[in-house]
Amino acid sequence: MTTPFLRCVLAIIAKDLRTEIRSRELVSVMALFALLSVLVFSFALELDRAARAEAISGVLWVTLIFASLLELNRSLAQESDQGNLDALLLAPVSRSAIFLGKFAGNALFTGIVGLALLPLMTVLYGMNMLDPWVIVTTLVGIAGFCAIGTLLATMTAHTRARETLLPIALLPAALPFLLTAARATKGILNGAPEWQVWLQLLGGITVIYLALCLLLYGFVVEE
Amino acid sequence: MPTQARLEPNPQPRLLRALTVLTAVGFLATLYLGLFAAGTDIEQGQIQRIFYIHMPSFFGAFTAFGATVLGGILYLARKQAAWDRIALAGVEVGLAFSLINLLTGAIWARPIWNTWWTWDPRLTSAAVMCLIYAAYLMLRAGIDDMSRKRNFMSVYGIFSFVSVLTTLFIIRIVPETIHPVIVGASPQNAQGSFEATSGVFMALAPSMLLWLTLMPLTLMWHRYRLETRREAIDRLKFLTLSD
């Protein structure tokens, strides 16, 4: 008999939340990295008023993806290093519930950082990043690349050079999200009407990737 | 006294030799058709002839990457190593073909678009596709455990195919591309389209046929045999060292 699906998912999320509240390892590292990255970009690109409108959505998404790389690596490496993944696999739990739980945790932590980044960038760059549609785009985009990120990080957690392999595997796979999310954000900020198409595309690929991840995760964790 | 470990001789099957010859002859024949038999394009001149390689090479990559998906699915279903080797062969052949596709495209774009490269949606997605499959090879090299390696790479290979489909269909989704569509209606902004006359088709059809079927399959078969050999040698090494 297997434990009900939803209960497993919630239990894994609760476990990740509890670990995070006690250690504050993931969110604090990501937040600090995101802050540094935003500063580095503003120095490197010497953004003036006009250039900001063009570049700011790129800054947001590159920062978010690199920050999530740090988080994904830690989150899944922890699972396999301390044997928790093996314990989860021994338990009568559906594989896709494990995926959904880990994915939700990762998306939640990255989402917190993303939501904190928006007001920060509003202040630092003087652009209104708090538009409701920007927030929606941010959350959908994060959900998308955290899905494929969770799957790939589970793979790379078993490899020798996991810190170097995760970016190499994840960055090209995350490019569809980066592309559509950055275009949508830029369109919303500049009032260009085609942002809706980009947001729909982003939503579409997020759904496709999530479905594929749910289907295939079982093969990644099987021994 | 260590056991005598040795590799069984494994000569090429007759069919493979025949296919290899056929592919080579077919390649020369389609080159002749494209370079000499087809008429010169009125607007673009000689450079248009690169199209007879450019488009077929993408479809060759499509076949090879398709074999990767098929190999991946069948490996996950049946756990026979052969399917995983087919998937690997598909990635290597497909990656080579898509690089040919990108390079010939860049050579064509220089005189026609007046630039080697532009961040057009289709060009971008084709480049992303190459990167994803290059990452396949990196990731594969990084995993030691064989059965884990095969599992992971099957899943990754299935995923990667999304990028191939994106490249194929993006001109129908994102209409702002400047990449021409030769067969069917070109997008509004397409630059450098030309008419697909019967002469173009006469040179294109055999080339497409060759690149879709013989080229990738023959190369993949060779690569498959190489991989089988390599794994056999690894097993032998292991046996010899553990004696």
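**Exercise 1. Work out what share of the contacts in chain B with a separation of 6 or more come from residues 24 or more positions apart.**

Start with the term: two residues are in contact when their C-beta atoms, placed from the backbone, lie within 7 Å. Now take the contacts in chain B with a separation of 6 or more; residues 24 or more positions apart account for 75% of them. Keep in mind that this is a predicted model, where local features need pLDDT of at least 70 and side-chain atom pairs count only at pLDDT 80 or more, while totals for chains, interfaces and linings use all residues. Residues are numbered from 1 along each chain as its sequence is written, with chains lettered from A and ligands numbered from 1 in the order in which they are written.

**Exercise 2. Describe the side of chain B that touches chain A.**

Count first: 19 residues of chain B are in contact with 18 residues of chain A. Next, find the helices, which are DSSP runs (H or I, at least four residues) numbered from the N terminus. H4 (121–142) and H5 (146–173) of chain B each supply at least two residues to this side, and H5(B) gives the largest share, nine residues. Last, sort by class: 13 nonpolar, four polar and two charged. Here Ala, Val, Leu, Ile, Met, Phe, Trp, Tyr, Cys and Pro count as nonpolar, Asp, Glu, Lys and Arg as charged, and the others, Gly among them, as polar.

**Exercise 3. Decide how H6 (residues 132–156) and H7 (residues 162–190) of chain A pack.**

Get the geometry: the angle is about 165° and the axes are 9 Å apart. (Axes are lines fitted to C-alpha atoms over the stretch in contact, and angles run from 0 to 180 degrees between N-to-C directions.) That angle makes H6(A) roughly antiparallel to H7(A), a label for angles over 145 degrees. Then look at who touches: the contact includes Ile148(A) and Leu152(A) of H6(A), and Ala173(A) and Ala174(A) of H7(A).

**Exercise 4. Find the residues with the most contacts inside the largest nonpolar core.**

A nonpolar core is a set of buried Ala, Val, Leu, Ile, Met, Phe, Trp, Tyr and Cys residues joined through C-beta atoms within 7 Å; buried takes 20 or more other C-beta atoms within 10 Å of a residue's own. The largest core has 109 residues, and Ile148(A) and Leu152(A) have the most contacts inside it. H7(A) gives the most to this core, 14 residues. Leaving aside neighbours within four places in sequence, Ile148(A) is in contact with Ala173(A), Ala174(A), Tyr209(A) and Cys213(A).

Technical notes. Angles under 35 degrees count as roughly parallel, over 145 as roughly antiparallel, 65 to 115 as roughly perpendicular and the rest as oblique. A residue is buried if 20 or more other C-beta atoms lie within 10 Å of its own, exposed if 12 or fewer, and partly exposed in between; C-beta atoms are placed from the backbone.
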